[in-house]
Amino acid sequence: MDLLLIGPPGVGKGTQAARLRQALGIPHLSTGDLLRRHVAEGTRLGAAAAAHMRRGDLVPDELVTEMALDRILGPSCAAGVVLDGFPRTPAQAEALDAALAGHGRRLTAVFHLTAPDRTLLRRLTGRRTCGDCGDSYHLDTKRPRTPGLCDHCGHRLVQRADDTAETAHARLAVHTRQTEPLLERYRPTGVLHEIDGRGDADDVTRRLLTALGRGAAGSSAFLAGGAGRL
Ligand code: AMP
């Protein structure tokens with residue numbers, strides 16, 4: 001089962017992808033997380049990506065596509081994957097669809113998560129992220145048990161460099177201009193589901209699982225653990 005979450009920054013793709021991973025037992029692939037890891041480790045790819053990411057721009061297709069397809073076609077994703085943040089341009093989508101088709105796979109469902117801009121900006125600027133495991137918190141709505149520290153692994157929480165107000169605005173504009181056109185690619189194929197990303201994360205997870213035809217069974221499983229974050 002190959003699933004794709006499309007939506008503006010701050011809509012909850014990462015949170016929901018982690019929950020789908022737990023509910024369905026397939027890994028979660030976040031290209032943003034992979035790229036941040038490259039930047040932190042100072043790899044060549046990280047060096048090439050860093051300035052784009054700081055500005056809130058997309059990293060060039062040729063850098064991201066190979067990195068993502070390597071994982072998607074690798075053994076850890078053989079039973080499927082929850083894609084979060086890839087593809088983000090029509091060229092990336094074309095490369096993904098061709099690569100999946102070459103392996104007898106196709107996207108099972110594409111979820112378009114939406115929320116108003118003011119909600120997204122509030123979520124982005126209040127977000128704090130664990131510098132180690134990537135767990136996400138919010139200054140108002142999801143505070144850690146100990147201020148400034150990750151509940152999960154105890155590491156320090158940081159604000160992502162691209163979650164400042166100015167860069168968050170730029171990222172929303174990039175999403176509208178470069179990623180929303182992807183919806184027209186998937187709409188005619190019947191796999192696209194429009195999902196309201198507002199409100200409680202549990203409610204959004206239920207909407208996703210219901211759209212997937214996994215209503216009650218999936219909901220009870222999403223606390224049960226599953227395959228890892230890639
Ligand atoms: P995210 O964590 O998904 O919000 O991604 C953070 C940043 O990583 C984005 O603002 C882009 O600069 C970069 N990025 C992540 N995924 C992609 C992608 N598929 N194509 C281009 N850039 C990406």
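**Exercise 1: the ligand shell**

Helix α2 (residues 31–41) contributes four residues to the shell around the ligand, the most of any element; helices (H or I, at least four residues) and strands (E, at least two) are DSSP runs, numbered from the N terminus. The model is predicted: local features need pLDDT of at least 70 and side-chain atom pairs pLDDT 80 or more, while totals for chains, interfaces and linings use all residues. Residues are numbered from 1 along each chain as its sequence is written, and side-chain values use heavy atoms, without hydrogens or water.

Solution. 
1. The ligand has 16 residues around it, and Thr31, Arg36, Asp57, Gly85 and Gln92 come nearest; a residue counts as near if one of its heavy atoms lies within 4 Å.
2. By class, the shell holds six nonpolar, four polar and six charged residues. Here Ala, Val, Leu, Ile, Met, Phe, Trp, Tyr, Cys and Pro count as nonpolar, Asp, Glu, Lys and Arg as charged, and the others, Gly among them, as polar.
3. For Arg88 the distance is 3.0 Å, and for a polar side-chain atom of Arg160 it is 3.2 Å.
4. The protein buries 96% of the 490 Å² that the ligand exposes when taken alone (Shrake-Rupley method, 1.4 Å probe).

**Exercise 2: helix α2 and its cover**

Task. Determine which residues of α2 are buried and what covers them.

Solution. 
1. Thr31, Gly32, Asp33, Leu34 and Leu35 are buried in α2, where buried means under 20% relative accessible area (1.4 Å probe, protein chains only).
2. Their cover includes β2 (28–30), α3, α4 and β3, with contact meaning heavy atoms within 4.5 Å.
3. After α2 comes Gly42, with a positive phi near 70°.

**Exercise 3: the largest core**

Task. Characterise the largest nonpolar core, then locate the cis peptide bond.

Solution. 
1. This core has 29 residues, and Leu35, Ile72 and Tyr186 are among those with the most contacts inside it. A nonpolar core is a set of buried Ala, Val, Leu, Ile, Met, Phe, Trp, Tyr and Cys residues joined through side-chain atoms within 4.5 Å.
2. α4 gives the most to this core, with five residues.
3. Not counting residues up to four places away in sequence, Tyr186 touches residues including Leu4, Pro87 and Leu107.
4. Pro87 lies in the loop between β3 and α5, and a cis peptide bond, with omega about 0°, joins Phe86 to Pro87.

Technical notes
A polar contact is a pair of N or O atoms within 3.5 Å; within protein, one must be able to donate a hydrogen and the other to accept it, and residues adjacent in sequence count only if both atoms are side-chain atoms. Buried means under 20% relative accessible area, exposed over 50%, partly exposed in between (1.4 Å probe, protein chains only).
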